[in-house]
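Here are my notes on this one, as numbered points. Have the viewer open while you read.

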Amino acid sequence: MRTRRLPTARSLALRALDRASLLHAAYRAYEALRSVRRGADDGRHAADGLPLPPASLRTVVAGTPGVTWFVESGRQQADIIREAFERHGKPVDEADRMLDFGCGCGRVLRHWSDLSGPEIHGSDYNRRLIRWCESNLPFAQFSVNDLHPPLEHESGTFDLAYGISVFTHLPEDLERAWIAELGRILAPGGLLLLTTHGEGYLDRLDAAERERYLAGDAVVRWASVAGTNLCTTFHPEGYVRERLAPELELLEFTPEGGSVGSRSQDLAVFRKPPEAVTRST
């Protein structure tokens, strides 16, 4: 007989807030509280000479206000992206345009400041984050999108696009819509790199969630606060391979190869078919 795990006090509190439509406001308040601990770091510049976002914005993006983690993890993440694109014949230095989808306050994007080749673009649905980027990262162009598509960019615009820990915070209906939109803005033959929560996060799932995951279905928590770090999505490998981006060609799936930290996310690289007909906006 299977023992049923009882909900934790945290889980019960989150459910109550969700039922009362207060979950989003409560989570933003929690983030603000966390950021206060490192408020003294605000206004500093990093070793790359670029300003550091305030602690409140770092917390929204990275889940922690820590400066070292923000800068160093972004640098390592940029290296992962660079190497993955090079493996598939699209060096970032030779691209015409590259998009950081869900760029936040530039944790990764800031590390492209020395690139002389491509036009660098960043997009995010959080206006505060984009306003900071526009004021402090002048080498790139930024735009605000809604939680739902579309982007403001024309079809077939980008050689390269990536979303780091973005689809890890979107429910299935939104991820399907955004995959279609990112496919639209890619040029034929363009590459899309994504990271997902995979088997390395299996121990975080309860019995019912694990059963769904092992059956090949995505598991989504707190879909009502999509786009925040609280909304968490877990993608089995089979789901990524067969269901995440069916209109695109999967070139690479590397378990735990997509991010840095104690729990690495999976890496997936897709290509828009070279013969694809790009539809207009």
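1. Start with the surroundings of Thr195: leaving aside residues up to four places away in sequence, Thr195 touches Gly163, Ile164, Ser165, Thr168, Gly258, Gln265 and Asp266 (contact means heavy atoms within 4.5 Å). Thr195 sits in strand β5, residues 186–196 (strands are DSSP E runs of at least two residues, helices H or I runs of at least four, both numbered from the N terminus).

2. A caveat on the source: this is a predicted model, where local features need pLDDT of at least 70 and side-chain atom pairs count only at pLDDT 80 or more, while totals for chains, interfaces and linings use all residues. Residues are numbered from 1 along each chain as its sequence is written, and side-chain values use heavy atoms, with hydrogens and water left out.

3. Is Thr195 buried or exposed? Buried, with a relative accessible area of 0% (buried is under 20%, exposed over 50%, partly exposed in between, with a 1.4 Å probe and protein chains only). The Thr195 side chain makes a polar contact of 2.6 Å with the side chain of Gln265, and also reaches the backbone nitrogen of Ser165 at 2.8 Å. (A polar contact is a pair of N or O atoms within 3.5 Å; within protein, one must be able to donate a hydrogen and the other to accept it, and residues adjacent in sequence count only if both atoms are side-chain atoms.)

4. Now the packing. The largest nonpolar core has 36 residues, and Phe85, Met98, Leu109, Trp112, Tyr162 and Leu193 have the most contacts inside it (such a core is a set of buried Ala, Val, Leu, Ile, Met, Phe, Trp, Tyr and Cys residues joined through side-chain atoms within 4.5 Å). Helix α4 gives the largest share of this core, 7 residues. Apart from this core lies another, of 30 residues, including Leu186 and Leu244.

5. How many aromatic pairs turn up in the whole structure? The search finds 4. Phe101 and Phe167 have ring centres 6.5 Å apart and planes at 50°, so this pair is tilted (rings of Phe, Tyr and Trp, the last by its six-membered ring, pair if their centres lie within 6.5 Å; planes under 30 degrees apart are stacked, over 60 edge-to-face, the rest tilted). Phe101 is in strand β1 and Phe167 in the loop between β4 and α6, 66 residues apart.

6. Last, His153 counts as buried at 9% relative accessibility, and its C-alpha is 6.6 Å from that of Ile185, 32 residues away in sequence.
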